[in-house]
Amino acid sequence: RVNPLVLGIETSCDETGIGIVRGTTLLSNTIASSMDQHARYGGVVPEVAARAHLEEIIPSIEAAVAEAGIRLDDIDAIAVTNGPGLAGALMVGVGAAKALAVSLGKPIYAVNHLVGHVGADLLQNPESDAGATSLEYPTIALLVSGGHTALLLVRDLVSDVELLGETIDDAAGEAFDKVARVLGLPYPGGPQIDRVAAVGNPKAIRFPRGLSLPKDMAKHRYDFSFSGLKTAVARWVEARQDAGDDVPIADVAASFREAVVDVLLTKAVAACTDYDVPRLLLGGGVIANARLREVAAERTSAAGIDLRIPPLSLCTDNGAMIAALGAQLIMAGHAPSNLEFGADSTLPV
Ligand code: KG4
Ligand code: ZN
């Protein structure tokens, strides 16, 4: 089937994302976030996220359908994230998707959230300069958000995606959020750190680059670790405070940001070089980071790698990327999912 009309549902973390695509054309992308409700806890609270999805999901579907200018009954299929992510949050999306599939009599496709992020690069959004782009194979994808940090080798979106490495502890966005807290900055910490780091010296303090020592690179060449970095920042700040000195927040933020960005891009470029893949795709909310974008542009251009960054509304968690992946599965002739599938918080790619 050519250019199917697909409704995508994404509820793996704190965004209730509903997207509608026709093939690779984006028709609507509605996002309701429960971020504000998590702010006082300094991180996403799973049950709060699940309850928010339950409240938002039907209004979001209605809004996405209206924005796309279609009738719900017109859709050819439903695609839904069934992992990885927060179990309770996933269950709300999966439950809603199944109910919709049964009531409308439409096929349903359960898809992987990380692969969905890669699918975002297929979408031709008339309102963005990503306009006439389309995903090329093979590509290395670096996905960095508050919930995941992963390097993928994508040979084919619907049939050949390999996880090269991932974080062994905190996600990169989580590290930003935790370090922001240490510095007394509000949640979510990523944008705050980015803001104060702009006037800091990234070379002021040399913070550790996790898993980049030669001995770690042998076993964890493409894996990430940010908990040691977070602890190093906290210790450094405490030592200053104990000595009664002011904490140079801008320098700490800039030095921390530099450490995260350096290790992310060192490993991403290493993967491109090792696998002889001249393309790097970025995804996830941390891609908003100004320094990450700068260093990514510098290093990929120096290494002759084509850098691809979808518009931010498609980098953060959203339903359109899930719909886009569903459309690819249909066009590749994949059978729909059996209605008995569950939600799997650790679903492999
Ligand atoms: O993809 P996303 O919107 O959703 C979840 O992971 O739920 O990513 C949110 C994460 C948060 O940890 C936030 O602090 C981080 O992305 N983030 C940033 C920036 N903007 C958002 N991290 C670093 N620099 C930024 N400018
Ligand atoms: Zn995500």
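**View 1. Asp276, an exposed residue with a positive phi.**
Asp276 counts as exposed, with 7 C-beta neighbours inside 10 Å. You are looking at a predicted model, in which local features need pLDDT of at least 70 and side-chain atom pairs count only at pLDDT 80 or more, while totals for chains, interfaces and linings use all residues. Residues are numbered from 1 along each chain as its sequence is written, chains are lettered from A and ligands numbered from 1 in the order in which they are written. Find Asp276 in the loop between α9 and β9; the helices (H or I, at least four residues) and strands (E, at least two residues) are DSSP runs, numbered from the N terminus. The phi of Asp276 is positive, about 55°, although the residue is not a glycine. For background, most residues other than glycine have a negative phi, and most peptide bonds are trans.

**View 2. Asn3, in the segment before β1.**
Here is another positive phi in a residue other than glycine: that of Asn3 is near 45°. Asn3 sits in the segment before β1 (5-10).

Pro138 belongs to the loop between α4 and β6 (139-144). Look for Pro188 in the loop between α5 and α6.

**View 3. Helix α10 and its two faces.**
α10 runs over residues 290-303, 14 residues in total. From first C-alpha to last it reaches 20 Å, close to the 20 Å expected at 1.5 Å a residue; the expected span is 1.5 Å times one less than the number of residues. Which residues of α10 are buried? They are Leu292, Ala296 and Thr300. Seen down the axis of α10, these buried residues fall within an arc of 45°, so they line one face of the helix; the arc is that of the directions from the helix axis to the C-beta atoms. They pack against α9, β9 (279-283) and β10 (306-308). On the face turned away from the buried side you can pick out the exposed residues Glu294, Ala297, Glu298, Ser301 and Ala302. Just after α10 comes Gly304, with a positive phi of about 70°.

**View 4. Helix α8, with a buried side and an exposed face.**
The 16 residues of α8 (227-242) reach 22 Å from first C-alpha to last, close to the 22 Å expected at 1.5 Å a residue. Leu229, Lys230 and Val233 are its buried residues. Why are they on the same side of α8? They cover an arc of only 105° around the axis, which puts them there together on the same side of α8. Their cover includes α5 and α9 (249-274). The face turned away from the buried side carries the exposed residues Arg235, Glu238, Ala239 and Asp242. Just after α8, Gly244 takes a positive phi of about 75°.

**View 5. Where domain 1 and domain 2 touch.**
The protein is divided into domain 1 (5-130 + 314-331) and domain 2 (139-309), with bounds that come from an automatic or database domain assignment. Their C-alpha centres lie 26 Å apart. How many residues of domain 1 are in contact with domain 2? There are 19, and they meet 22 residues of domain 2; contact means that two C-beta atoms, placed from the backbone, lie within 7 Å. On the domain 1 side, the elements that give two or more residues are α4 (113-119) and α12 (319-331). Of these, α4 gives the most, with five residues. By class, this side of domain 1 has eleven nonpolar, seven polar and one charged residues. Ala, Val, Leu, Ile, Met, Phe, Trp, Tyr, Cys and Pro count as nonpolar, Asp, Glu, Lys and Arg as charged, and the others, Gly among them, as polar.

**View 6. The shell around ligand 1.**
Of the 21 residues around ligand 1, Gly146, Gly173, Gly190, Gly285 and Asn289 come nearest; a residue is near a molecule or strand if its C-beta atom, placed from the backbone, lies within 6 Å of it. α5 (172-182) and α6 (189-197) each supply at least two residues of the shell. Domain 1 and domain 2 each contribute at least three residues. The shell has six nonpolar, ten polar and five charged residues.

Note on methods
Buried ≥ 20, exposed ≤ 12 C-beta atoms within 10 Å, placed from the backbone.
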